[in-house]
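Subject: A structure for you to look at

Hi there,

Here is the structure I promised to pass on. Please open it and keep it beside this email while you read.

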Amino acid sequence: MKKLFLVILAGLALYGQALACTSAIVTAQRSSEGAPILWKHRDSGAKCNTRVEYVTSSGYAYTAIVPNTKAWNKSVLAGINEKAFGIFNTATHDLPKATQEEYDAVQLTKTGGFASLMSQALKKCATVDEFEELLKNTKRKNGFNTNYGVGDATGAVAYFEVWDLGYKRYNVNDMSEGYDIRANFSHAATGKKGASVRRYNVVKRQMKAHNGNFSPQDFMAYSRSYNSVKYGNILASEKTYVCSNHSVARATSVSAIAMVCDGKNPRMLVVNGHPVPGLALPVYVNAGKEIPKCLNGEKMRVLGNDFQGVAYKKLGKKKYQLNKEVASAVLKVKQPVVEMPKAMPENIKKFNARLDKMYNKHEKKVRKVINRYSAQ
């Protein structure tokens, strides 16, 4: 009975990690890397408890953000494999739901939840078209609703709005802007878009105003931004900011990842923890288990959790009051310049050791700010 309770609790925790996200996809033509970029800013109802993991099993090897548990059961929150196929998801609502009779009548291989399907895709798929075939040949759980963002080394990029027995594909290369955006609603849905349309709109405005191609660092800047359509720069406003849905950086932000679908060198910039105090560091799939220690240990995610505890005050369900003074002070800490070479460094151990040293210096500066406000 106790074991069953722990399994249910773990499932609920994983569901909570996907309650809200902001994302964008950029084509190779609009990318500074000459390859598609997939960006996901993760939000969760729980504090960050994830790690970056290199996974080898049956199928393609991949690197991904996963739950920081021994029994994580190959549940993926975002990742990219050795063939440069990348995938993430954002939670959504109001997509079609099959009746029980319709659902039972479909005889297909049944898959699990959103995270389990991403793990399967990373192991089995090298292209966006192969991912579509996977969707055609799997039966998601009844009531399944999510948006998937995918890209590959051929330059194909797409959003798939997916429900239990169907999906709708949106090819980003068909869009004149060269990019597409999703938060926590689907264009195929028939109901209200919900509060996440505010984050969708602020990212849309920022991307529309951007000159030239987009870099992974540009998206990490979005993840650390308190800009909003309604309030402008929230940190510059004299008003008390309460609602937590107007900016990308939020009380519930727990990580950010920008994946580059480069066939020669699939890679990512990733922050494992709240992006405002954290530091985005490069990870190379071809490096295998050689990953910066601060992305797998507790340091970065604990720093993010501590920042959340000082910078935000919970007022009620889904409502937080932002301490703008704390957020402003942390953002004023000058971040070191972190480069992500297109070719993986020959001495990856030395490269990662330098990144860890860089992060440790950054953390000390941010920790001083957090501690100063914690003592007040």
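The crossing of α8 and α10 is left-handed, meaning that the near helix is turned anticlockwise from the far one by less than a right angle (clockwise would be right-handed). This is a predicted model, in which local features need pLDDT of at least 70, side-chain atom pairs count only at pLDDT 80 or more, and totals for chains, interfaces and linings use all residues. Residues are numbered from 1 along each chain as its sequence is written, and side-chain values use heavy atoms, without hydrogens and water.

Helix α8 covers residues 299-311 and helix α10 residues 348-374; helices here are DSSP runs of H or I with at least four residues, and strands are E runs of at least two, numbered from the N terminus. Their axes lie 10 Å apart at an angle of about 25°, which makes α8 roughly parallel to α10 (angles under 35 degrees count as such). The axes are lines fitted to C-alpha atoms over the stretch in contact, and angles run from 0 to 180 degrees between N-to-C directions.

Which residues of α8 meet α10? Among them are L303, D306 and F307, while the α10 side includes Y359, E363 and R367; contact means heavy atoms within 4.5 Å.

There is also a pocket to find: α6 (216-223) and β16 (267-272) each supply at least two residues of the lining of the second largest pocket. α6 gives the most, with three residues.

Happy exploring!

How values were computed:
Parallel < 35°, antiparallel > 145°, perpendicular 65-115°, else oblique.
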